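Please look over the sequence and the model shown here before reading on.

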Amino acid sequence: MYCNQQITDTLFWTGVNDRRKQLFENLWPLPGGVSYNSFLIRDQKCALMDTVEAGSDRGYLDWIGSVLGDRPLDYLIIHHMELDHSGEIENLLQRYPDVKIVGNIKTFKVLCGYLGQLPNLVEVKDGDTLDLGHHRLKFIFTPWVHWPETMMTYDQTDGILFTGDAFGSFGALDGGVFDDQVVFSEHLEAEMRRYYSNIVGKYSNMVQKALAKLSGENIRTICPLHGLVWRSNPGKAIELYQRWSSYEAEDGVVVVYASMYGNTAKMADYIAHKIADAGVKQIRVHDVSKTHISYLINDIWRFKGVVLGSCAYNTQMFPLMESLTRELVHIGVKNRYLGLFGSYSWNGGGVKNLKLFADEIGWEQVAEPAEIMGRPACDKYAACDALAAGMAGKLQH
Ligand code: FEO
């Protein structure tokens, strides 16, 4: 038994909530699950907008059938081929072998890689339109949001934009499917930003291009492939994406440290306290061995100040700090202030390699790195004082 969520008289949400999966892409934690959204337009011609992850709901196709009633499914429109959305296509084709599959040339390259050569492919070009009867759909190519084949569909009749991963979020839909059915709390915004920073953020320049391309459309509803449908305040979702994709950040600091026996941890606390004493009110301190990289990246996307500390580990950085810094370079976060610190017992390695990271990522360093040999005793903190003062000064200019 499914609860049909109607977006308009002719548009239905046919998504699935997955609360079993622990890790999205087998990497990113899903404490609140995730939704795979799919949408069905029931017009003179019926069109399904994407499917869901294979096996996420064994009744998915029956649900599609119940919404269609005795109508045929005329089109499957594919916005994104990642398998969390395309996984059920194979089963869909068995039930609806005559359905026409709408996508672009890159969509079909990926699709055929999984399912072999298929009949009934309808290739569209950027700006092409498709009439369903009442609804007139326009295809807008938005490559690399999040894969190269990604495109959006704008329903010119009702001002509805189907956006693929863009504007999506981690977290299953707990009751409310629409933005006006929930309180868009700090937690929901954090989960939306975590999705952005973990999954889409690497392609922020392409997100900016997509937003510019969409700016001419009168968008009244946003239908992403994960998370809430924005029918009351789509401008909020667009505003958040403008901010995140331009690397705008809040006045705050995230301190991440790697520490084996607590010495680098002591430095982290000292620096954080000093930054707070200087008046910065938003500070997060994380042990890299305890907090998943997903949340570290989320905070680093949120705050302007980043302070990273590592003990030496076999003359290198601590492995989990190395993993974090490698990922930060990979996703290319920009425009942050950086402070570095660390400790060692018999040789350096942590700070030395953090400096190499600093050179690579190119963020402005607020002070010389602070490094302590042995116990972080009171008389060894001068460089930490300078780092804290430098960071606070940058955030309070
Ligand atoms: Fe939700 Fe890029 O897949």
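## Two residues with positive phi

Phe167 is found in the loop between strand 15 (160–162) and helix 5, where helices (H or I, at least four residues) and strands (E, at least two) are DSSP runs, numbered from the N terminus. The phi of Phe167 is near 70°, a positive value in a residue other than glycine, and at 3% relative accessibility Phe167 counts as buried. Here buried stands for under 20% relative accessible area, exposed for over 50%, and partly exposed for what lies in between, with a 1.4 Å probe and protein chains only. As background, most residues other than glycine have a negative phi, and most peptide bonds are trans.

Asn26, in the loop between strand 4 (23–24) and strand 5 (28–29), also has a positive phi, of about 55°, although it is not a glycine. Asn26 is exposed, with a relative accessible area of 66%.

## Basis of the model

The model is a predicted one, in which local features need pLDDT of at least 70 and side-chain atom pairs count only at pLDDT 80 or more, while totals for chains, interfaces and linings use all residues. Residues are numbered from 1 along each chain as its sequence is written, and side-chain values use heavy atoms, with hydrogens and water left out.

An open sheet of 7 strands has the order 1-2-7-8-9-10-11, with mixed pairing; two strands pair if DSSP finds at least two bridges between them. Strand 1 and strand 11 (121–123) stand at the edges, each with a single partner strand, so one side of each is left without a neighbour in the sheet. From one strand to the next the twist averages 25°, and helix 1 (residues 60–68) packs on the sheet, touching strand 2, strand 7 (39–42) and strand 8, with a direction that makes about 20° with that of strand 7. Such angles run from 0 to 180 degrees between N-to-C directions, and axes are lines fitted to C-alpha atoms, for helices over the stretch in contact.

Strand 1 (residues 5–8) and strand 2 (residues 11–13) run antiparallel and are joined by 3 bridges. They form a hairpin with 2 residues between them, and Thr8 stands opposite Leu11 in strand 2. Strand 8 (residues 46–49) and strand 9 (residues 75–77), by contrast, pair in the parallel sense over 3 bridges, with Ile77 in strand 9 as the bridge partner of Met49.

## A buried serine

Ser35 is found in strand 6 (residues 34–36) and is buried, with a relative accessible area of 0%. Its side chain reaches the backbone nitrogen of Gly227 at 2.9 Å. Leaving aside its neighbours within four places in sequence, Ser35 is in contact (heavy atoms within 4.5 Å) with residues including Val16, Asn17, Leu225 and His226.

## Two crossing helices

The axes of helix 5 (residues 186–200) and helix 9 (residues 293–302) come within 9 Å and cross at roughly 100°. That makes helix 5 roughly perpendicular to helix 9, since angles of 65 to 115 degrees count as roughly perpendicular, those under 35 as roughly parallel, those over 145 as roughly antiparallel and the rest as oblique.

Among the residues that meet are Glu186, Arg193 and Tyr196 in helix 5, and Tyr295, Asn298 and Trp301 in helix 9. By class, this contact of helix 5 with helix 9 has 5 nonpolar, 4 polar and 5 charged residues, where Ala, Val, Leu, Ile, Met, Phe, Trp, Tyr, Cys and Pro count as nonpolar, Asp, Glu, Lys and Arg as charged, and the others, Gly among them, as polar.

How values were computed
A polar contact is a pair of N or O atoms within 3.5 Å; within protein, one must be able to donate a hydrogen and the other to accept it, and residues adjacent in sequence count only if both atoms are side-chain atoms.
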